[in-house]
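Me: Could you walk me through the salt bridges in this one?

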Amino acid sequence: MSTTATAAVLRGTNQPFELTQVTLDDPRPDEVLVRVVASGVCGTDLGVQAGHIPFPLPGVLGHEGAGIVEAVGEAVTSVQPGDHVLLTFTSCGICRNCRSGHPAYCVEFLPRNLLGGERADGSTTITENGADLHGHFFAQSSFANLVLADERGVTKVDPAADLSLLAPLGCGIQTGAGAVLNVLKPEPGSVLAVFGAGPVGLAAVMAAALSPATRIVVMDLVDSRLELARELGATDVVNSGSTDAAEILMELTGGLGVTHALETTGSVRVAETAASVLAPMGKLGLIGAPAACSTMSLDVNFMLNGRQVLGITEGDSNPQLFLPALVDLVQQGRFPLEKLITRYSFKDINDAAAAAKSGSVLKPVLHFEDLV
């Protein structure tokens with residue numbers, strides 16, 4: 001029997017989100033029906049709204065959901081009704097990358113999560129007045145009070161954990177934290193430079209504060225964000241709008257360069273600057289996504305001295321292992337996620353989106369209490 005839900009439908013590019021009644025398909029054997037408690041608003045959602053990401057519309061976005069399991073498909077074994085869960089990206093589970101513990105690099109990542117608007121078999125999960133809507137965004141479309149999610153994108157968490165706080169872990173926060181803890185892995189004595197103090201960059205700072213990195217340097221254009229970065233563990237902050245970031249980083253390291261760098265802004269120019277300040281054997285992680293077909297220039301001879309540039313998706317996370325670990329860190333007070341978020345009622349989703357676009361808030365989180 002189909003299920004009625006309230007969803008925020010995006011009718012077209014640069015249109016507002018519209019709350020309306022939709023119908024969800026019945027759970028397939030590998031799907032989970034989740035009642036959403038909270039959902040983060042991510043730059044990827046806003047990228048679709050702005051037309052930068054070619055997700056088909058009209059549709060339902062949202063990919064940082066947190067909620068309680070209502071029902072499960074007959075083949076689901078990892079969760080059961082009543083479980084508290086976080087929702088994240090899905091993956092095929094059978095390609096080489098999935099089987100080697102790197103589902104964020106699934107060979108079918110883009111069609112299964114970002115571009116298709118439907119299940120892998122082409123079927124739809126959401127209809128409105130009998131007409132198909134594009135959904136299954138990151139296999140969840142969590143801008144709705146009820147969602148159908150792939151089991152592979154569902155992670156059970158401690159029932160005592162605050163789901164209204166934890167929703168952003170599903171994408172942006174795990175991306176920044178995972179880039180540091182899973183990919184760059186700073187060693188004792190490392191110097192990590194984080195370019196950009198948005199929610200992803202600040203998640204990286206919080207993760208770096210848990211690492212053996214000796215120095216954590218953060219660059220941004222907004223002083224208030226730099227102040228927060230220092231509060232979260234940065235040892236040095238640089239306003240790159242009024243200072244030459246590369247020059248300062250070389251001064252801070254005695255001319256040696258940084259051992260690790262993370263580019264979170266999506267600016268090619270910033271990525272080139274980050275690469276230019278790498279020490280021999282230094283590693284640069286690229287998280288920010290610029291416009292399609294963007295390229296960056298590298299001095300090949302400079303790179304030959306053991307320097308590396310690494311593309312990073314979703315923090316190379318294995319969600320069923322990594323997300324519960326992040327939840328534990330939040331509960332212990334060692335990963336102060338609450339300092340990044342601003343809460344909004346689901347009915348105020350357009351206000352939340354506008355605040356994120358303007359930069360007046362770091363991470364809006366939608367709450368669904370009125371719809372429970």
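Reply: What follows covers the salt bridges, with a word on the annotated domain at the end. This is a predicted model, in which local features need pLDDT of at least 70 and side-chain atom pairs count only at pLDDT 80 or more, while totals for chains, interfaces and linings use all residues. Residues are numbered from 1 along each chain as its sequence is written, and side-chain values use heavy atoms, with hydrogens and water left out.

Me: How many salt bridges does the structure hold?
Reply: There are 13 salt bridges, each being a side-chain nitrogen of Lys or Arg within 4 Å of a carboxyl oxygen of Asp or Glu.

Me: What does Glu 128 pair with?
Reply: Glu 128 bridges to Arg 11, with the closest N and O atoms 2.8 Å apart. Because Glu 128 sits in strand 7 (residues 126–128) and Arg 11 in the loop between strand 1 (3–10) and strand 2 (17–24), the pair ties together parts that are 117 residues apart in sequence; strands are DSSP runs of E, at least two residues, and helices runs of H or I, at least four, numbered from the N terminus.

Me: Buried or exposed, that Glu 128?
Reply: Glu 128 is buried at 12% relative accessible area, where buried means under 20%, exposed over 50% and partly exposed in between (1.4 Å probe, protein chains only). Arg 11 is partly exposed at 32%.

Me: And which domain does UniProt place at residues 12–366?
Reply: The unreviewed UniProt entry places "domain: Enoyl reductase (ER)" there, in the numbering used here, with a shortened feature name and an annotation that may be inferred rather than shown by experiment.
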